[in-house]
Amino acid sequence: MSEAVDIRVVCEGPTDTLVIRSAVEALGVEAVVTQIQPENNSNLLGTLGEFGGGWKGVRAWCQSPFIREFLHVTLANARALVIHVDADIAHDKELSCAKPCPPARDTTDAVRAVVTGWLGAATVPPKVVLCVPAMATEAWVFCALFPEDKLTAGIECRKQPAALLVPRKPRLVAKKKDRYAKDTVAYEAARETLKAGWRTSVPRLCGEGARFLAELRAAIT
Amino acid sequence: MIKRFTVTGFKSLERVHLELGRVNVFVGANGSGKSNLLEALGVLGSAARGRVDDESLQRRGVRPGLPDRYRTAFTQAQLAATIQFKASSHEASYDVGLYHRSEPDEPTWRYSTEKLTDKTKKIVGRSPASLKKLDPAAGYAALKLVELDSSNAASQLLHRLEGYRIFSPTTPHLRGLVPDESKSRPVGLSGGHLAEAVQDLLAGTSGAALKRELLQLVEWAADVDVAPPEEANLSRSVPSPRSVVRFTDRFMADAHNHLSAYDASEGALYVMFAAVLALHPAAPRTLAIDNVDHALNPRLARALLSRFCGWVLSRPDTQVLLTAHNPVALDELPLTNDSVRLFTVDRTTSGRTKVERVRIDERILALAQQGLTLSRMWVMGLIGGVPNV
């Protein structure tokens with residue numbers, strides 16, 4: 001067995017890590033995938049870890065002076081650091097960098113520039129792989145699980161791909177008032193399907209999925 | 001000392017190689033394979049003794065299980081035919097391949113290969129072709145041991161391996177509420193017979209100094225000793241032992257201030273237990289404690305591990321393997337001393353256990369200079385060994 005590589009993940013939430021891990025598995029790379037942001041422990045105020053969850057947690061992590069100064073040392077033993085945010089953050093009024101879609105790439109490029117800026121860098125730092133699904137990770141999940149569904153057409157421009165998963169089995173996502181609750185156990189159970197999807201339908205149906213997979217492959221193989 | 005240990009094909013350990021120090025701390029997610037590592041050394045210890053069966057494994061603290069479940073069996077990978085173990089000291093090495101026949105009434109493992117060497121020569125060698133000449137259920141090295149001088153490096157390595165034990169203390173055993181069936185010395189594998197072992201330590205030449213150290217860790221106690229049960233104010237409803245660890249509570253009035261092991265804080269008992277294994281002359285020269293920080297307040301866990309390292313390093317020949325879960329317990333480990341080593345244990349994407357030594361290099365020191373503790377680095381995921389939950 002070849003030596004397993006270490007991959008660290010900074011992402012919006014734990015199901016994103018599971019989807020990213022499936023991509024690693026699809027590449028046939030033996031790896032230890034460790035989610036370092038968000039820390040899945042809430043404080044008394046319900047904030048996840050030190051930086052909080054969601055895209056603002058990713059931003060806080062990247063902008064932390066400590067992380068900025070020591071990014072290279074914290075990555076010394078890791079093969080790659082995957083930083084994930086959904087492209088739909090471009091519509092947030094704090095960022096307001098959304099572009100007309102299609103093509104989705106214009107918006108993801110804008111978000112990638114924003115994330116690179118969070119790190120205080122002009123270009124993506126060594127070992128860092130940006131993972132920006134358009135418009136959210138669930139687009140990739142939907143294409144992995146339902147590759148023949150006609151709604152896969154144009155899915156990268158759909159603002160809430162999670163909504164597509166709500167009525168379908170397996171039940172990965174539930175609608176809870178104003179948010180979508182993702183079931184980590186169900187995502188875990190769909191692991192093999194997600195992995196198979198990364199080998200076929202996800203890069204075929206999602207240009208940003210193909211880009212992420214190619215950049216991940218370049219970083220870890 | 002065991003300097004290197006390699007295991008191939010045992011449970012989740014498809015192939016793991018360790019470079020060990022005197023104190024070796026393993027941290028990782030539940031189910032990452034930490035206990036498997038400790039047990040792998042226990043299997044090798046049984047092999048060094050000359051027989052690998054349920055009884056010899058349990059005597060060393062290896063969890064009993066179906067032999068078939070001991071072999072690595074990952075999906076899409078060939079089932080390993082043998083499990084291979086190798087331990088090396090500075091001048092000797094012992095290498096064993098074991099297999100098990102699937103018959104349900106066959107409790108004993110068989111030797112496929114075996115090799116014992118010292119710095120000058122091969123002392124024992126067996127291969128599958130030797131089956132006709134040698135009893136496959138009996139260790140050849142153990143038979144040869146009687147011919148070796150006790151100063152021989154290979155003899156010392158075998159003795160160290162066969163004496164290896166895995167201790168997993170539990171509060172009922174430490175209190176003496178449940179009998180400890182293991183015959184292990186100086187304490188049972190689950191913590192039984194603690195009072196007798198503490199008595200030995202406190203009666204030794206360094207007993208007074210040790211008592212001071214123990215009382216620094218158990219701050220509510222003004223004194224600790226070992227007393228016969230009639231002097232320990234025991235309830236009639238507890239089993240009557242030969243002797244009892246007794247604490248003097250510094251806050252209680254005279255005549256009301258003696259607490260036995262039955263009444264005392266369990267943390268105090270775990271402290272005593274660790275001290276016994278680090279310092280008692282009858283303790284195994286190489287031993288493991290699974291969940292050394294069990295039941296301890298984080299600050300006590302931190303102080304105990306720091307003190308424990310000092311105790312172990314104060315003795316010339318003791319070697320310990322520890323598993324821990326409390327992050328704070330790591331913070332005072334003297335890891336700049338190469339004899340004290342920290343390892344993270346992870347499962348890879350395919351479920352294989354990966355063990356990595358955390359090297360205290362400029363990277364870690366730079367983070368420490370920024371005020372980041374090792375516990376924080378661990379919980380943040382910067383050194384590995386954390387689950388994604």
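Good morning. Let me begin with one pairing in chain A: strand S3, residues 80–84, and strand S4 of chain A run in the parallel sense and are joined over four bridges. Please bear in mind throughout that we are looking at a predicted model. Within this pairing, Val82(A) stands opposite Val129(A), a residue of S4(A).

Where do these two strands belong? In chain A there is an open sheet of four strands, with parallel pairing, and the order is S2-S1-S3-S4. Its edges are formed by strand S2, residues 31–37, and strand S4, residues 128–131, of chain A, each of which pairs on one side only. On average, neighbouring strands of this sheet are turned by 25° against each other, direction ignored.

Helix H1 of chain A, residues 14–26, lies across strand S1 (5–10), S2, S3 and S4 of chain A.

Finally, I come to the contact between the chains. How many residues does each chain bring to the contact? Chain A contributes 23 residues and chain B contributes 20 residues. On the side of chain B that touches chain A, the elements giving two or more residues are strand S2 (13–19), helix H11 (362–369) and helix H12 (374–380) of chain B. Of these, H11(B) gives the most, with three residues. As for residue class, that side of chain B has seven nonpolar, seven polar and six charged residues.

That concludes my presentation. Thank you for your attention.

Definitions and conventions:
Residues numbered from 1 in each chain as written. Chains lettered and ligands numbered in written order. Predicted model: local features only at pLDDT ≥ 70, side-chain atom pairs only at ≥ 80, totals over all residues. Pairing = 2+ DSSP bridges. Axes fitted to C-alpha atoms, helices over the stretch in contact; angles between N-to-C directions. Contact = placed C-beta atoms within 7 Å. Nonpolar A, V, L, I, M, F, W, Y, C, P; charged D, E, K, R; others polar.
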